[in-house]
Amino acid sequence: MAATDAHGIRDVLSGDPRTLAPFVLGAVLTHYSESGPVSVRLTEVEAYMGPRGSANADPGSHTYGGRTARNAPMFGPPGFLYVYFTYGMHYCANIVCGPEGAPSALLLRAGEIVAGEELAVARRPASKAHKDLASGPARLASALGLTTADSGRDALAAPFSLWLPESPAAAVASGPRVGVAGPGGTTEYPWRFWIEDDPTVSRYKAARPRPRPSTA
């Protein structure tokens, strides 16, 4: 599974994210922004698959209802970024997987800052400890300086780089995805993967029930 060049890494990422996840844990993603580089070692990811009616339909995926301008990067080549804005305040980043045209991705849920900590702290001044800088998808994207302007950009080319570990982490756990409403957030979709006992892994939270509209 090890790959050292962009072409080889892209070939690896063309597989099923549910299979790739253990090999991506421990990978290092770097963003060389104008403010400087920040690198994060990935410790937690979530796999997301395709639209309703496809071979790998995923009710928790942004692509479930079909292709839109927002989720279009997920339908593109593997190794590209899909970054979205949520709750009116946070960015979350994914690395697209699978063959082009068959949308799937890995949400980058948590990691450890391994380079550029000073810049990451400046971007995440509310973090109380090193382990909190990228513990959670919004924190990770913020520490790396990612926004929706980066959606559709190649994570394997400047100003980014991705290094994959030679072997999967020694202890990988899996379970339901965090904060996903409906069937996609149940134990039928244990597509969240993390390095066991790593202090940067985010805490599990089920989706909050959505209030039903009043019929009065």
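## Cysteines

The whole structure holds zero disulfides (a disulfide being two cysteine sulfur atoms within 2.5 Å). Cys92 is in no disulfide, and the nearest cysteine sulfur, that of Cys97, is 16 Å away. Cys97 is likewise in no disulfide. Cys92 is buried at 6% relative accessible area, and Cys97 is buried at 0%. Buried means under 20% relative accessible area, with a 1.4 Å probe and protein chains only.

## Model basis

This is a predicted model: local features need pLDDT of at least 70, side-chain atom pairs count only at pLDDT 80 or more, and totals for chains, interfaces and linings use all residues. Residues are numbered from 1 along each chain as its sequence is written, and side-chain values use heavy atoms, with hydrogens and water left out.

## Helix 4

Helix 4 spans residues 137-144. Helices here are DSSP runs (H or I, at least four residues), and strands are E runs of at least two, numbered from the N terminus. The buried residues of helix 4 are Pro137, Leu140, Ala141, Ala143 and Leu144. They lie on the same side of helix 4, because they cover an arc of only 160° around the axis. That arc is taken from the directions from the helix axis to the C-beta atoms.

Their cover includes strand 1 (28-33), strand 2 (36-48), strand 4 (90-97), strand 5 (104-115) and helix 3 (117-123). Contact here means heavy atoms within 4.5 Å. Just after helix 4, Gly145 takes a positive phi of about 75°.

Key
Buried means under 20% relative accessible area, exposed over 50%, partly exposed in between (1.4 Å probe, protein chains only).
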